[in-house]
Amino acid sequence: MGQTAIVLHPQVRTLPTSRNSDALLEEACGLAEAIELQVIHSEVIKIFSPKAGTYIGRGFLDSLIKKIEFEEIYPVIIIDCSLSPVQQRNLEESLSCKVIDRTALILEIFGARANTHAGRLQVELASLSFQRSRLVRSWTHLERQRGGGGFLGGPGERQIELDRRMLLERVVKIKQDLKEVERTREIQRKNRKRTDTPTVALVGYTNAGKSTLFNALTEGNVLAKDMLFATLDPTLRMAKLLDGQKFILADTVGFISELPTELVEAFKSTLEEVTQANFLLHVHDASSPYLEEEAEDVNKILGELGMLHDDFSNRVIHVLNKSDLISNKRQEELEHMFPNAAFLSALSQTNFESLFSLIEHKINTNSSIYCFKISSHFGDARAYLHQNGNVLHSNFDEDGLETLKVRLSNANYQRFTARWPDFG
């Protein structure tokens, strides 16, 4: 049997939330299972206000100690909130078990899922930022120890300064490596812009079905499981509309409520694919009873990335995935909430037509259809149109002239006429 876990969600009366406590507990259990922890007990703890030393009350803590001792189990205790270093240490000493909070749990998941070099660097940077704040606070009592002539620190101070320096040196090294990753990604983005191929980024709450939709649109093989944070590293693939028009689709990490600040900061270079995309597909789980709250969490994180609300509204297409699991009445409610949204099922690949239509409309906002007559002497011009435009129709006349009906972006049309002015 693998590592066991007890998951506890504190419901604090003085800290009201828009989300149901049972749903939050279920999500926390899902996070634990995402790193293959076997949840043997989960519970919502009702407390009036957090206790300074242990967060949870003494009465519940004593009953939990008795349960652990009686059953002779020593699981990981997951407290679904943010614990201070002192609270975490006091709980571990009382329970004789490893105790982690929500931030540490999500960091653990990201650490297990990072497959690329950039992903591992970003997770390590987030983890070190998290550890650094805890290291400083945890060792505060030792910083007061002085020795020698007053200018040499005692053993406690020397240890924390050593730990701090090692952490800072590693953080600086990782940030340098990530700058190189950012530089490479920026070059790749400039190359994509040069070809004028539009980029579409998938965003949404974790487990909304983004990776399943990504695979359906690109015939890809990105990991798509009914699991929180199944996808971590960004993936870009070429996709086509029904008329053959190409665009680049980017799959990104799923968002979640109370996403640790350390992760948002560390993953900014990855999430730049979102902010730099021509437009976004915001994938919702239509069957989720907390769809509105999940959508708000996504909007909040996009705001933290510097995306303005108006900018986001103008560049987004709402995709209501898993719509085959909802009633007609619920669909009517969502249609009112998200006008001009695409209702589909990525798993069964049904009702994609409305999504293709919406993507096509967005892509073609800054393009037009042109007709050209080109002789065989201008093979390079013909090749340019096929490579940079969407050829809708082509035929040859008796004189060997080819008539091309092509959709071109405004930028590509300007480039074409600048190079071959006779066809302008």
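## Helices across the sheet

In this predicted model, helix 3, made of residues 85-95, lies across strand 3 and strand 4. Its direction makes an angle of about 150 degrees with strand 4. Helix 4 (residues 102-113) also lies across strand 3 and strand 4, but here the angle to strand 4 is about 90 degrees.

Four of them form an open sheet in the order 2-1-3-4, and the pairing is parallel. Strand 2 (38-47) and strand 4 (99-101) each have a single partner strand, so these two stand at the edges and one side of each has no neighbour in the sheet. From one strand to the next, the twist averages 20 degrees.

## The nonpolar cores

The largest nonpolar core holds 44 residues. Within this core, Ile78, Val274, Leu280 and Leu302 touch the most other members.

Leaving aside residues up to four places away in sequence, Val274 touches Ala201, Val203, Thr252, Leu280, Leu302, Met307 and Arg315. Apart from the core that includes Val274, there is another one, of 24 residues. Among the members of this other core are Leu213, Ala239, Phe247 and Ile363.

Key. Residues are numbered from 1 along each chain as its sequence is written. This is a predicted model: local features need pLDDT of at least 70, side-chain atom pairs count only at pLDDT 80 or more; totals for chains, interfaces and linings use all residues. Side-chain values use heavy atoms; hydrogens and water are left out. A nonpolar core is a set of buried Ala, Val, Leu, Ile, Met, Phe, Trp, Tyr and Cys residues joined through side-chain atoms within 4.5 Å. Buried means under 20% relative accessible area, exposed over 50%, partly exposed in between (1.4 Å probe, protein chains only). Contact means heavy atoms within 4.5 Å. Two strands pair if DSSP finds at least two bridges between them. Helices (H or I, at least four residues) and strands (E, at least two) are DSSP runs, numbered from the N terminus. Axes are lines fitted to C-alpha atoms, for helices over the stretch in contact, and angles run from 0 to 180 degrees between N-to-C directions.
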